[in-house]
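Here are my notes on this structure, as numbered points. They begin with the salt bridges and then turn to a helix.

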Amino acid sequence: MDKATSMYSDADIVIFNTGHWWTHEKTSKGEDYYQEGNHVHARLKVLEAYKRAISTWARWVDKNFDGSRTQIIFRGYSVTHFRGGPWNSGGQCHKETEPIFMKAYLAKYPSKMKVLHHVLHNMTSPVIYMNISRLTDYRKDGHPLIYRKQYKTVEEQMAGVHAQDCSYWCLPGVPDTWNELLYASLLKTRKGSWKN
């Protein structure tokens, strides 16, 4: 953790999240990318690296926060909606205008979130886990690409297919639901300045 994190120790609420960037495509396929202390791993599987990083985070939280004063929240991550492969090898979610209505069509629950569950269970600090993964999986229609511009030519339509990104959401939209869940969770805990 960097030097600025010492400022968080007396906060009423601290919210963490990570997930989207823990893929082989975004971490150079696990090669020469992960460092622990002074050691750089020549190769490390992404899920193992994620487990080590989350475990380090958990130890840091347990050591640096007073759970009776500070409410720690870990927000999960939103899943991607690419069908037919990853975003960089033919997968796409272009022109999706309807949410998913049937649970059978949802993606498999992310392995990273299973790791997170295990780590949270072994922490001494109370952490609220705001699980948005399943919630966002239903909303393949909530991304802004289809609404960004009017596609007048075939070339523009094809360019739009390659510009997709499930990291972004329409506003107002799905992230507003995250905020409502966060607010309800804070009211329920009644810690810090929220207890009045």
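1. Glu-36, Glu-48 and Arg-52 are linked in a network of salt bridges. A salt bridge here is a side-chain nitrogen of Lys or Arg within 4 Å of a carboxyl oxygen of Asp or Glu. By this rule the count comes to five salt bridges.

2. A word on the basis. This is a predicted model, in which local features need pLDDT of at least 70 and side-chain atom pairs count only at pLDDT 80 or more, while totals for chains, interfaces and linings use all residues. Residues are numbered from 1 along each chain as its sequence is written, and side-chain values use heavy atoms, with hydrogens and water left out.

3. Take the link between Glu-36 and Arg-52. Their side chains meet in a salt bridge at 2.6 Å, N to O. Glu-36 lies in strand β2 (residues 35-36) and Arg-52 in helix α1, so the pair ties together parts that are 16 residues apart in sequence. Helices (H or I, at least four residues) and strands (E, at least two) are DSSP runs, numbered from the N terminus.

4. Arg-52 also meets Glu-48 in a salt bridge, at 2.8 Å, N to O. These two are four residues apart in helix α1, about one helical turn.

5. How accessible are the members of this network? Glu-36 has a relative accessible area of 39% and is partly exposed. Arg-52 is partly exposed at 28%, and Glu-48 is partly exposed at 31%. The cut-offs: buried means under 20% relative accessible area, exposed over 50%, partly exposed in between (1.4 Å probe, protein chains only).

6. Now helix α1 itself. It covers residues 46-64, 19 residues in all. From its first C-alpha to its last it reaches 27 Å, close to the 27 Å expected at 1.5 Å a residue. The expected span is 1.5 Å times one less than the number of residues.

7. Which residues of α1 are buried? They are Val-46, Ala-49, Tyr-50, Ile-54, Ser-55, Trp-57, Ala-58, Trp-60 and Val-61. The buried residues of α1 pack against β1 (13-16), β4 (71-75), α2 (111-121) and β5 (127-130). Contact means heavy atoms within 4.5 Å.

8. One more salt bridge deserves a look. Arg-134 pairs with Asp-137, the closest N and O atoms being 3.1 Å apart. The two are three residues apart in helix α3 (residues 133-137), about one helical turn. Arg-134 is partly exposed at 27% relative accessibility, whereas Asp-137 is buried at 1%.
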